[in-house]
Amino acid sequence: MADDSVYALNASTKAGVEQETDRLDAQHRFFDDVMNNELLPPHIVSYLESIPSPRVCDFATGTTVWLKEIAKTLPTSAELVGLDFDTSKFPKAEALPSNVTLGVANGLQPFPEEYRNRFDVVHLRFFLFALKQDQGVALVKNLLSLLRPGGWLVWVETNPSAWNAEPPSEGFYQYQKFHALYAHEINLETNTPWVITSCIRQAGLKDCDERIYNSASVLFGPKGSDWPARQHHELFTGMSQVVKGMLSQGGVDGLRTQEDMDEAIAKLKEDMDGTRKWHIPVVRAWGRKP
């Protein structure tokens, strides 16, 4: 988010950036299915449809995959802006819809004047690896400055501490342990996703609410037949990247060397085979600027 960022998943090589870009795009498709392929809550979609030229900001936009998808649902007169502190995964301008622009911003510092009181919706998701303890309310208050009166903030989060496997997974339990140690060591916010609705309320937004999704529910829908394999692949790819990121920052007890990392990833890989079910809660919370 700046020089003091706690985010550990950025890559330092071109190949690494391309690999992380592919992972983030696949992650979007995975969690989009978990959330019933609803890019926004239906009532907020209706709100945008009532505005001839809506303005939408995607904060921590990453590869801009969400922004490009929402652009398909809005008129060409819509104005879409993606903001992030890290531009390494931004696509080239010619790969974006003509009404999408990108910029650099830190979520915990004042936004440039050009973005203030400008947007009808501000969207944020999966900020858990960049948010320190007790920064949630300050983050929301800062994002609030981007919204026009009556505009909506939408925040989506999950957290490995809230996940579980059926039957239990030794490799995943070890991963959770590493994640908890790492979060404590660098003072990451550990109460996501359950705290985000409270943060939105405390920041002064109105009409606040949330919806909780669970990845296991996809098993019982039209995409259920290949869901176990997709889920195993997505989780293994994501958790492996996190393990590598933790080690790159010095690691934690039990994860200090390349050998430790290889062993941890091998255990995860072993547990991603077969028919193991995963329960991954995702919280989507929202509130309206008075």
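Predicted model: local features only at pLDDT ≥ 70, side-chain atom pairs only at ≥ 80, totals over all residues.
**Entry 1: K267 and E263.** I then asked where the two residues lie in the chain. Both belong to helix α8, which covers residues 258-271, and they are four residues apart, so about one helical turn separates them. I also noted how accessible each one is. K267 is partly exposed, at 23% relative accessible area. E263 is likewise partly exposed, with a value of 44%.

**Entry 2: R211 and E38.** I turned next to R211, which makes a salt bridge with E38; the closest N and O atoms are 3.9 Å apart. This pair joins distant parts of the chain, 173 residues apart. I located R211 in strand β7 (residues 206-214). E38 sits in the loop between α1 (14-34) and α2 (42-49). I recorded R211 as partly exposed, with 38% relative accessibility. E38 is partly exposed as well, at 23%.

**Entry 3: E113 and R116.** Here I found a salt bridge between the side chains of E113 and R116, at 3.5 Å from N to O. Is E113 buried or exposed? I noted a relative accessible area of 59% for E113; the cut-off for exposed is over 50%, so E113 counts as exposed. R116, at 34%, is partly exposed.

Entry 4: Finally, I recorded the total for the model, which is 15 salt bridges.

Methods. Residues numbered from 1 in each chain as written. Heavy atoms only, no water. Salt bridge = Lys/Arg side-chain N within 4 Å of Asp/Glu carboxyl O. Helix = DSSP H or I, 4+ residues; strand = E, 2+ residues; numbered from the N terminus. Buried < 20%, exposed > 50% of the residue type's maximum accessible area, 1.4 Å probe, protein only.
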